[in-house]
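Have the viewer open as you read.

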Amino acid sequence: MTVGTLPLAAERPAHDEPARLLGGLHPDGATVELSEHLARWGALDLGPARTRLVAELEASGLSGRGGAAFPVGAKWRSVGTRGRPVVVANGAEGEPASAKDATLLARTPHLVLDGASAAATALGASRVLAYVPAHLAPGLERAVEGRERIGLDPVPVEIVVAPDAFIAGQESAVVNAVAGRGAVPAFQGLTPIRHRGVGGRPTLVQNVETLAHVALVARFGARWFRGVGTEDAPGTALLTVTGRFESPVVLEAPLGTPLDRLLGLGPDAADRYQGALLGGYGGTWVSLDTLGGLRFSEPAAQARAATLGPGVVVLLARRACPLAEVARVVRYLHAQSAGQCGPCVHGLFDLERAVDALAFGPRALGGRLEPVLDACALAEGRGACRHPDGVARFVTSACRVFSAEVAAHLGSGPCRSASAPGVLPVPGTRGSAAGRERPRWAR
Ligand SMILES: Cc1cc2nc3c(=O)[nH]c(=O)nc-3n(C[C@H](O)[C@H](O)[C@H](O)COP(=O)(O)O)c2cc1C
Ligand code: SF4
């Protein structure tokens, strides 16, 4: 099942698995209206959410879909009790290679809003906030108004606009943005957002895809949820695929599906692609061999020292220079840092310079990769948020997977494709094949 901008040519994703969140969407990209949503799924009875939903979520094994794959039931159990909680539906989707949250918000917003209301009921929350990019706010506003007219949500949903920035969706940045401060991560100390977040109150920040799954667990229960997927990764998840089809595509598949089947990769895959990026720009590059042997699940990715992050795969075509791609993305990621901690201010600056040299002027490195790897080591593990760690992982995995290109650049200078326009989506960059590429319906 594919949605989003369906590839027009013969190259369609090969798999045809049952979809949950994306099943029954309008092929033309129109929003599933409230009446259609209720006809498809039935009204959400929030009664059981007061008593049973947290246990049901624990039994379901649902994990967060915003990048860290944290177990949802355990997270809800650990929300603080000093003051009535705040629930935030996080739809910021700062990752440029992801479009799945925008897909849900634009095309099936009521699943997300049902999940948010279920969370508010289960936790006894007194505020529900939907944190979404500006271009999605008007559509969501209409959806919220429709629900208000029939009294569907126990707590009114407030919409807060998320800035279009890579780190705007990090949970302490979300709390800052809601408070009217800059959407930059905060130094949390030992007190998590779950105890002290929006307005100093216990706060649940949950990705919008996670909440859409919650809406279905609340209706059909844990057993139903576990009907597909694997023991350690139950259910389905969304995946944004870039570089494989004519334009980025959002897929839904049961977790555990072999990735090569999901992506429709044939025996010629290694001739066409030189590597794949899993998990987006805070993720990990893997070889085509590794990709071919992977199943679609976070535990499977972690077993190969990778992560699927918010559900992102980018295939890099043979014609591109991987080191130039990496350099352009690192420039963007450095510019996106809040510039408030040492690893971002100094570490990412040094890293950007070293990776730039590797891609475009390797003579400056005197034939050594160490300046790049040293800058990665300096950036890692010391910021207030995981942003510098993600950038370091992105670069070190690239150096490993593209070791032949690294040796060629260091030995004989940049290849010809290094000066060609980039192919990875880098917001605000002219010449990038994609810009901030979103499927057409999501614009
Ligand atoms: C740099 C950075 C950026 C992030 N951006 C997002 C984002 O855009 N959307 C999101 O849902 N989570 C994002 N996260 C993860 C959030 O901090 C948080 O873990 C998540 O929203 C929780 O929801 P989940 O448990 O449902 O995944 C980001 C984390 C980091 C470190
Ligand atoms: S590590 Fe970087 S992005 Fe994260 S809070 Fe510090 S300066 Fe900001």
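Strand β5 (residues 203-207) supplies the largest share of the shell around ligand 1, three residues. Strands here are DSSP E runs of at least two residues, helices are H or I runs of at least four, and both are numbered from the N terminus. This is a predicted model, where local features need pLDDT of at least 70 and side-chain atom pairs count only at pLDDT 80 or more, while totals for chains, interfaces and linings use all residues. Residues are numbered from 1 along each chain as its sequence is written, and chains are lettered from A and ligands numbered from 1 in the order in which they are written.

**The two ligand shells**

Ligand 1 has 21 residues around it, and G64, G66, G169, N207 and T210 come nearest. A residue is near a molecule if its C-beta atom, placed from the backbone, lies within 6 Å of it. The domain bounds come from an automatic or database domain assignment.

Over at ligand 2, the count is 15 surrounding residues, with A338, C341, C344, G383 and C385 the closest. Helices α15 (342-360) and α17 (387-401) are the elements that give two or more residues to this shell. Domain 1 and domain 2 each put at least three residues into the shell around ligand 2.

Here is how the shells split by class. Ala, Val, Leu, Ile, Met, Phe, Trp, Tyr, Cys and Pro count as nonpolar, Asp, Glu, Lys and Arg as charged, and the others, Gly among them, as polar.

**Domains and a helix pair**

The C-alpha centres of domain 1 and domain 2 lie 35 Å apart. Their contact takes eight residues from domain 1 and seven residues from domain 2, where contact means C-beta atoms, placed from the backbone, within 7 Å. On the domain 1 side, the touching residues are seven nonpolar, one polar and no charged.

Now for a helix pair. Helix α6 (residues 109-123) packs on helix α9 (residues 208-225) at an angle of about 75°, with the axes 7 Å apart. The axes are lines fitted to C-alpha atoms over the stretch in contact, and angles run from 0 to 180 degrees between N-to-C directions. That makes α6 roughly perpendicular to α9, a label for angles of 65 to 115 degrees. Among the contacting residues are L111 and V112 of α6, and V208 and L211 of α9. By class, this contact has 11 nonpolar, one polar and one charged residues.

A69 has a positive phi, near 55°, without being a glycine. It lies in the loop between α3 (53-60) and α4 (72-77). Is A69 buried or exposed? A69 is buried, with 21 other C-beta atoms within 10 Å; the cut-offs are 20 or more for buried, 12 or fewer for exposed, and partly exposed in between, with C-beta atoms placed from the backbone.

A305 is not a glycine either, and its phi is positive at about 55°. A305 sits in the loop between α13 (298-303) and β10 (312-317) and counts as exposed, with 12 C-beta neighbours inside 10 Å.

P421 lies in the segment after α18 (403-412). P421 is partly exposed, having 13 other C-beta atoms within 10 Å. C321 is 100 residues from P421 in sequence, yet their C-alpha atoms are 9.8 Å apart in space.

Conventions: Parallel < 35°, antiparallel > 145°, perpendicular 65-115°, else oblique. Contact = placed C-beta atoms within 7 Å.
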